[in-house]
Amino acid sequence: MDILKIEHLTKMYGKGETAVKALDDVSFSVKKGEFVAIIGPSGSGKSTLLHLLGGVDRPTSGKVLVDNTDIYNLNETQLAIFRRRQIGLIYQFYNLIPVLTVEENITLPLLLDEHQVDKKQFYEIVKILKLENRLNHLPNQLSGGQQQRVSIGRALISNPAIMLADEPTGNLDSKNSSEIIDLLKMFNKTYKQTLLVITHDERIALQADRVIAIEDGRIARDEVIRP
Ligand SMILES: Nc1ncnc2c1ncn2[C@@H]1O[C@H](COP(=O)(O)OP(=O)(O)OP(=O)(O)O)[C@@H](O)[C@H]1O
Ligand SMILES: [Mg+2]
């Protein structure tokens, strides 16, 4: 089953002489549970693509269907709700809320949705993420690896259809990088969580089921490594 369908996606930034075509007629599909690495040179359009898949920005033209919902047919309010429930976003610099504790940061998407926290699921996630002794800490009291584990928890708590990660290990040393990738892979394999990861790290790309290379806003290669 295709959890994600991208059809003729184009994104222009700016107008006139300074206009940039960041994405140029990109189409592909992703199967539920697939782990896709997205690689490509700086400025090739990787982050633009991920933002469009996550409903963070709107395309100039083309469609994104997540679990058969045409997400850019939604109005702003519906799109915000969709993003919160169906998309887990992980960034290089964690993007945690500094005044909230670890527990509050992880459960924030549920609270914004006025959903009850499933305590059993919450403790299962924090245990896997090895954060059970840090729940009342603030982000600035954590190591980089721990902060990234909090952002993974926050991305996972609402059981999203897709996890999108933009250079999730770009700010970490190699030991913490491997731990973060192992965790993402574990949630991908064990919970069939669909995972798209932008990376400059070839060792990470080689662990994916499939590698999509972006160049100049287009798909230059799309290779299945593990069918
Ligand atoms: N908000 C914006 N306004 C104007 N141009 C933008 C904007 N965001 C990105 N661009 C341009 O779009 C192109 C693609 O940018 P994007 O951030 O998607 O690249 P990237 O592949 O993620 O690069 P990197 O590996 O450096 O993160 C670049 O030429 C960039 O300058
Ligand atoms: Mg980028």
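How far does a backbone N or O atom of Ser-44 lie from an oxygen atom of ligand 1? The distance is 3.2 Å, within the limit for a polar contact, a pair of N or O atoms within 3.5 Å (within protein, one must be able to donate a hydrogen and the other to accept it, and residues adjacent in sequence count only if both atoms are side-chain atoms). The model is predicted, and local features need pLDDT of at least 70, side-chain atom pairs count only at pLDDT 80 or more, and totals for chains, interfaces and linings use all residues. Residues are numbered from 1 along each chain as its sequence is written, chains are lettered from A and ligands numbered from 1 in the order in which they are written, and side-chain values use heavy atoms, with hydrogens and water left out.

An N or O atom in the side chain of Ser-42 is 2.6 Å from an oxygen atom of the ligand, and for the side chain of Lys-46 the corresponding value is 2.7 Å. Taken alone, ligand 1 exposes 630 Å², of which the protein buries 57% (Shrake-Rupley method, 1.4 Å probe; for residues, only the protein chains shown count as cover). The residues surrounding ligand 1 (a heavy atom within 4 Å of it) include Tyr-13, Val-20, Pro-41, Gly-45 and His-200. Strand β2 (20–31) and helix α1 each give two or more residues to this shell, and α1 gives the most, with three. Helices (H or I, at least four residues) and strands (E, at least two) are DSSP runs, numbered from the N terminus.

The largest nonpolar core has 34 residues; such a core is a set of buried Ala, Val, Leu, Ile, Met, Phe, Trp, Tyr and Cys residues joined through side-chain atoms within 4.5 Å. Ile-106, Ile-152 and Leu-184 touch the most other members. Among the elements that give two or more residues to this core are β3 (35–39), α3 (102–112), α5 (144–156) and α6 (174–190). Helix α6 provides the largest share, five residues. Contacts of Leu-184 (heavy atoms within 4.5 Å) are made with Ile-90, Ile-152, Met-163, Pro-168 and Leu-195, not counting residues up to four places away in sequence. Apart from this core lies another, of 30 residues, including Ile-38, Leu-50, Tyr-72 and Ile-87.

The structure holds 16 salt bridges (a side-chain nitrogen of Lys or Arg within 4 Å of a carboxyl oxygen of Asp or Glu). One of them pairs Lys-11 with Asp-57, the closest N and O atoms being 3.4 Å apart. Lys-11 lies in strand β1 (residues 2–13) and Asp-57 in the loop between α1 (46–53) and β4 (61–66), so the bridge ties together parts that are 46 residues apart in sequence. Lys-11 is buried at 9% relative accessible area, whereas Asp-57 is partly exposed at 27% (buried, under 20%; exposed, over 50%; partly exposed, in between; 1.4 Å probe, protein chains only).

Arg-84 forms a salt bridge with Asp-113, with a closest N and O separation of 3.1 Å. This pair links helix α2 (residues 76–86), which holds Arg-84, to the loop between α3 and α4, which holds Asp-113, 29 residues apart. Arg-84 is partly exposed at 25% relative accessibility, and Asp-113 is buried at 12%.
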